[in-house]
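Subject: A structure for you to explore

Hi there,

Here is the structure I promised to pass on. Have a look at it first, and then read my notes below with the picture still open.

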Amino acid sequence: MDIIDLRILDILDIVFVALLLYYVYKLVRGTAAVNIFIGIVVIYLAWLLTQLLQMELLSSVLGEFIGVGVFALIVVFQQEIRKFLLMIGSTNFTQKGRFFRSFKFSRDDFETKIDIDAIINACEAMGKTYTGALMVIQKNNKLDFVKNTGDKMKIELNQPIIESIFFKNSPLHDGAMIIEENKITATRVILPVSNDRSIPLRFGLRHRAAVGITEKTDALALIVSEETGQTSYVRDGQFVMFETLDELKEKLKEDLS
């Protein structure tokens, strides 16, 4: 009888909670916070089990832990909560289904339009000539608040354009490049610099700016070092390790799909 009495709203309630948990997992995936998230889910499931089995003492202890833990979670997940609220506030519901793309379950549902080969090949070429570069790829969060600090563009993304912009004698080489939907939409952009003291001292302002913008938004950042020629990849305020540029290409495809 309980199953027969199940309402459509109950089904929608379950679906929305599942979507919310899925998106929270996507926010913390690849960061240290993912282990905390999994731990919270395990504790919550254990609390539900103790309630079901009427284990009153253990259920009371876990219940108090969950109640007090809510305030601790606000501190622990401050960065992730900021990104989530920024995504909600900056989403344009009428533009190309961007909001619903963020909840996709299959990588094949929405293929990225960005020419990743052009970006990787440009990084490789600039690395050989020790040409410094900083590229920011927009995802769901709008980057208008930083685009306004630079020169707005609307240029089709390709390797020669990227290399010419970051050429040492180019008037546009200083600052960051913003990439959106396979177009370069801004150059000479000034990014917020991270104050994270754990960033190695060998990294300069380009790397700190890349960490800063990925801490505040869900954007991805690529840096080519002017000193070493090495390419770095930053996501969620963290440096992502890779062995080869082919591996970097696969990581970009996964993060943009």
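Helices here are DSSP runs of H or I with at least four residues, strands are DSSP runs of E with at least two, and both are numbered from the N terminus. Leucine 58 counts as partly exposed because its relative accessibility is 39%. The cut-offs are these: buried means under 20% relative accessible area, exposed means over 50%, and partly exposed is in between, with a 1.4 Å probe and protein chains only.

Before we go on, please note that this is a predicted model, in which local features need pLDDT of at least 70 and side-chain atom pairs count only at pLDDT 80 or more, while totals for chains, interfaces and linings use all residues. Residues are numbered from 1 along each chain as its sequence is written, and side-chain values use heavy atoms, leaving out hydrogens and water.

Leu58 belongs to a nonpolar surface patch of about 720 Å², together with Leu49, Leu52, Leu53, Met55, Leu57 and Val61. Patches are built from residues with over 30% relative accessible area and no salt bridge, joining like charges within 9 Å and nonpolar side chains (Val, Leu, Ile, Met, Phe, Trp, Tyr) within 5 Å. A salt bridge, in turn, is a side-chain nitrogen of Lys or Arg within 4 Å of a carboxyl oxygen of Asp or Glu. The areas come from the Shrake-Rupley method with a 1.4 Å probe, and for residues only the protein chains shown count as cover.

Helix H2 (33-52) and helix H3 (56-76) each give at least two residues to this patch, and H3 has the largest share, with three. In the loop between H2 and H3 you will find glutamine 54. Glutamine 54 counts as exposed because its relative accessibility is 67%. Its backbone is worth a look too: glutamine 54 has a positive phi of about 55° although it is not a glycine. Most residues other than glycine have a negative phi.

Tyrosine 130, in the loop between H6 and S1, also has a positive phi of about 55° without being a glycine. With a relative accessible area of 41%, tyrosine 130 is partly exposed.

**The sheet**

Now zoom out: the protein chain has 10 helices and seven strands. The seven strands form an open sheet with mixed pairing, in the order S2-S4-S3-S1-S5-S6-S7. The edges are strand S2 (151-156) and strand S7 (238-239), each of which pairs on one side only. Two strands count as paired if DSSP finds at least two bridges between them. S2 runs antiparallel to strand S4 (residues 183-189), joined by four bridges, and aspartate 151 stands opposite threonine 187 in S4.

How covered is strand S5 (residues 220-224)? Mostly: five of its five residues are buried. Leu220, Leu222 and Val224 point one way, while Ala221 and Ile223 point the other way. In a regular strand the side chains alternate between the two faces of the sheet.

S5 has antiparallel partners on both lists below:
- Strand S1 (residues 133-137) pairs with S5 over five bridges, and valine 136 stands opposite alanine 221.
- Strand S6 (residues 231-235) pairs with S5 over five bridges, and leucine 220 stands opposite arginine 235.

The S5-S6 hairpin has six residues between the strands, and glycine 229 there takes a positive phi near 80°.

**Helices across the sheet**

Helix H6 (residues 116-128) lies across S1, strand S3 (176-180), S5 and S6, at about 165° to S1. Helix H9 (residues 205-216) lies across S1, S5, S6 and S7, at about 175° to S5. Axes are lines fitted to C-alpha atoms, for helices over the stretch in contact, and angles run from 0 to 180 degrees between N-to-C directions; contact means heavy atoms within 4.5 Å.

**One last stop**

Which residues does methionine 241 touch, not counting those up to four places away in sequence? They are Glu247 and Lys251. Methionine 241 is in the loop between S7 and helix H10 (245-256), and is exposed, with a relative accessible area of 63%.

Enjoy exploring!

Best wishes
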